[in-house]
Amino acid sequence: MTQACTELDGLPHAVFLRRLAGARSATSADARLGNGAFLALRLVDLLGPGRGPGHPDAFRYQHAATERMCKELPADRTETSHLTGLVRAVADAFQEQDARIAVPALLAYAHYLEDELRLEEALDVLDCMLSVTASALRLSDKIAAQLRIGRVSRKLNRFEDADAAYAIGRQLADAAGDLRGVLLSRAGRAIALQGRGNLADAERVLREVVAEARVGGYRDVEAGVEHALATTLLLRGQVADGILHLWHAFETYDDEASSLRALNDLGVMLLAVGRVDDAEHDQAVSVRDKDRLQMEGGKPDCFPRHLQRKGVRG
């Protein structure tokens, strides 16, 4: 496991206090949120084995102070909602003496931080979730945590840490009979290979995972891996083949954010083959058609005509 729960000057979760150091003032919204996250996670620490306060009143006092702090955070920030929910979940977990109650809130907060590219902070939350729950964590949550640690580490170019997390995730998924988790672990390690420059092996593994995901009916895995395969092919100079796989990813994605990301990358690939007008036209047409088809509950039933003219076939 990575050592993301950084201890700076002897303080765990000090990665959040770095926001204070970088803020224009200690009263700025970002500084207050960083301090709030630090205090909320210090409250989470009390759920860990052997870390609870000597008397329940001590926890209640710390919880009340942290809850009061959350009420003073900017109400219009998504992070405020995450911290407020986390503090509430910790109180429930302490009352029930079950740290697992706080896991959904911790995973959601880590996901939010990753989306905001606060990657060190996301790792801190994930590592500390594993720490406080110890062996009591459900196997499915252990798998989810390792997959996310792998992904965040990969984004930080910490490929050894990513590979180790994916390996643990696959081992756990194998034990649980979780084929989806196995496929995601394999795909993650392949994308880490891509990041290291081993494009041939990355392509080989991604093609294998796409085929197995399609047979198994794991559409979300299939879409994401098709997208990763397209990127790998682009890096290998196989742009036309990459465009094909990227379009398949667009067709298979079920969520709008991922579909639009695929469209953006499609534009990049079209630019790579010098079709500037087609890149702009296809994205505009595809967005329009996707909006229409979403209202009708359907999906595109044909490959874009501009791509067909370039000799690419769906």
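Reply: We begin with a definition: a residue counts as buried when its relative accessible area is under 20%, and as exposed when that area is over 50%. Please note that the model is predicted.

Me: Which residues of helix 12 are buried?

Reply: The general idea is that an α-helix has 3.6 residues a turn, so residues three or four places apart point the same way. In this case, helix 12 is mostly covered, with 10 of its 14 residues buried. These are Val239, Gly242, Ile243, Leu244, His245, Leu246, Trp247, Ala249, Phe250 and Thr252. Helix 12 spans residues 239-252 and reaches 20 Å from its first C-alpha to its last, close to the 20 Å expected.

Me: Against which helices do the buried residues of helix 11 pack?

Reply: Packing is read from contacts, that is, heavy atoms within 4.5 Å. The buried residues of helix 11 pack against helix 9, helix 10 (199-216), helix 12 and helix 13. Among those buried residues are Glu222, Glu226 and His227, as well as Val221 and Leu229. Helix 11 has 17 residues and reaches 24 Å, close to the 24 Å expected. Glycine 237 follows helix 11 and has a positive phi, near 85°.

Me: Where do residues other than glycine have a positive phi?

Reply: Leucine 117 has phi near 65°, and its place is in the loop between helix 5 and helix 6. Leucine 117 is exposed, with a relative accessible area of 63%. Asparagine 157 likewise has phi near 65° and is found in the loop between helix 7 and helix 8 (159-176). Asparagine 157 counts as exposed because its relative accessibility is 56%, and the cut-off for exposed is over 50%.

Me: Which residues have the most contacts inside the largest nonpolar core?

Reply: Such a core is a set of buried nonpolar residues joined through side-chain atoms. Here the largest has 45 residues, and Phe16, Leu86 and Tyr109 have the most contacts inside it. The helices that each supply at least two residues of this core include helix 1 (14-22), helix 4 (78-96) and helix 7. Phenylalanine 16 touches Tyr109 and Leu113, and its other contacts include Glu121 and Asp124.

Me: What volume has the largest pocket, and which residues are closest to its centre?

Reply: The largest pocket has a volume of about 1400 Å³. Of its 38 lining residues, Glu114, Arg151, Arg154, Gly224 and Arg261 are the closest to the centre. Helix 5 (103-115), helix 7 (139-155), helix 9 (179-196), helix 11 (219-235) and helix 13 (256-272) each give two or more residues to the lining. By type, the lining comprises 15 nonpolar, 10 polar and 13 charged residues.

Notes. Residues are numbered from 1 along each chain as its sequence is written. This is a predicted model: local features need pLDDT of at least 70, side-chain atom pairs count only at pLDDT 80 or more; totals for chains, interfaces and linings use all residues. Side-chain values use heavy atoms; hydrogens and water are left out. Helices (H or I, at least four residues) and strands (E, at least two) are DSSP runs, numbered from the N terminus. The expected span of a helix is 1.5 Å times one less than its number of residues. Buried means under 20% relative accessible area, exposed over 50%, partly exposed in between (1.4 Å probe, protein chains only). On a 1 Å grid over the protein atoms alone, a cavity is a set of points where a 1.4 Å probe fits but cannot get out, and a pocket is an open set with protein on both sides within 12 Å along at least five of seven lines; lining residues have an atom within 4 Å of a point. Grid points are joined across faces, edges and corners, and a volume is the space filled by probe spheres set on the points. Ala, Val, Leu, Ile, Met, Phe, Trp, Tyr, Cys and Pro count as nonpolar, Asp, Glu, Lys and Arg as charged, and the others, Gly among them, as polar. A nonpolar core is a set of buried Ala, Val, Leu, Ile, Met, Phe, Trp, Tyr and Cys residues joined through side-chain atoms within 4.5 Å.
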